[in-house]
Amino acid sequence: LRSDVFDRINSEEKFDIIFWNHPFGHINKSVNELDILERALLDPFYRSLETYFKRAHEYLDKSGGRLLISFSVTAGDKAAFDAMAHD
């Protein structure tokens with residue numbers, strides 16, 4: 001399945017693995033200010049990342065589902081990522 005975080009996922013569906021190729025670049029601009037290439041590479045204010053961390057558990061199989069995410073510690077904001085993951 002392909003979706004913008006969980007927009008197209010049925011809330012009743014449960015998964016063993018959820019992988020997200022996160023657009024790891026951080027920027028303090030609204031998504032409406034970004035062109036198409038920037039939207040592929042940037043997550044404004046890390047709003048999508050925050051959504052992933054807050055809601056992913058709703059879609060995981062309760063018997064041991066796993067979350068996987070790609071992230072660049074050189075291009076992304078690792079401190080922000082770690083804080084959101086911890087929360």
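Eight residues come together here in one aromatic cluster: Phe6, Trp20, Tyr46, Tyr52, Phe53, Tyr59, Phe71 and Phe81. Keep in mind that you're looking at a predicted model. Searching the whole structure turns up seven aromatic pairs, along with three salt bridges.

**Aromatic rings**

- To describe a pair of aromatic rings, you give the distance between the centres and the angle between the planes.
- Take Phe6 and Tyr52: their ring centres sit 6.2 Å apart and their planes are at 5°, so this pair is stacked.
- Phe6 belongs to the segment before strand S1 (17–21) while Tyr52 is in helix H2 (residues 47–55), so the pair ties together parts 46 residues apart in sequence.
- Buried or exposed, what are Phe6 and Tyr52? Both of them are buried.

**Salt bridges**

- In one of the salt bridges, Lys54 teams up with Glu50, and the closest N and O atoms are 3.2 Å apart.
- Both Lys54 and Glu50 are part of helix H2, where four residues, or about one turn of the helix, lie between their positions.
- Lys54 is exposed, with a relative accessible area of 55%, whereas Glu50 is partly exposed at 31%.
- Lys78 and Asp82 make another salt bridge, with 2.6 Å between the closest N and O atoms.
- Those two are four residues apart in helix H3 (residues 78–86), so about one helical turn separates Lys78 from Asp82.
- Lys78 is partly exposed, at 40% relative accessible area, and Asp82 is partly exposed too, at 34%.
- Glu58 and Arg55 also form a salt bridge, their closest N and O atoms being 3.6 Å apart.
- Glu58 is partly exposed at 32%, and Arg55 counts as partly exposed at 31%.

**Surface patch**

- Ile17 is a residue of strand S1. Its relative accessible area is 53%, so Ile17 counts as exposed.

**Largest pocket**

- The largest pocket has 18 residues lining it, and the ones nearest its centre are Asp4, Pro23, Arg39, Leu42 and Ser48.
- Two or more lining residues come from each of these elements: S1, helix H1 (36–41), strand S3 (42–44) and H2.

**A glutamate in helix H1**

- Glu38 is located in helix H1 and is partly exposed, at 25% relative accessibility.
- Between the C-alpha atoms of Glu38 and Glu50 there are 19 Å, and these residues are twelve apart along the chain.

Terms used. Residues numbered from 1 in each chain as written. Predicted model: local features only at pLDDT ≥ 70, side-chain atom pairs only at ≥ 80, totals over all residues. Heavy atoms only, no water. Phe/Tyr/Trp six-rings, centres within 6.5 Å; stacked < 30°, edge-to-face > 60°. Buried < 20%, exposed > 50% of the residue type's maximum accessible area, 1.4 Å probe, protein only. 1 Å grid on protein atoms, 1.4 Å probe; cavity = no way out; pocket = protein on both sides within 12 Å on 5 of 7 lines; lining within 4 Å. Salt bridge = Lys/Arg side-chain N within 4 Å of Asp/Glu carboxyl O.
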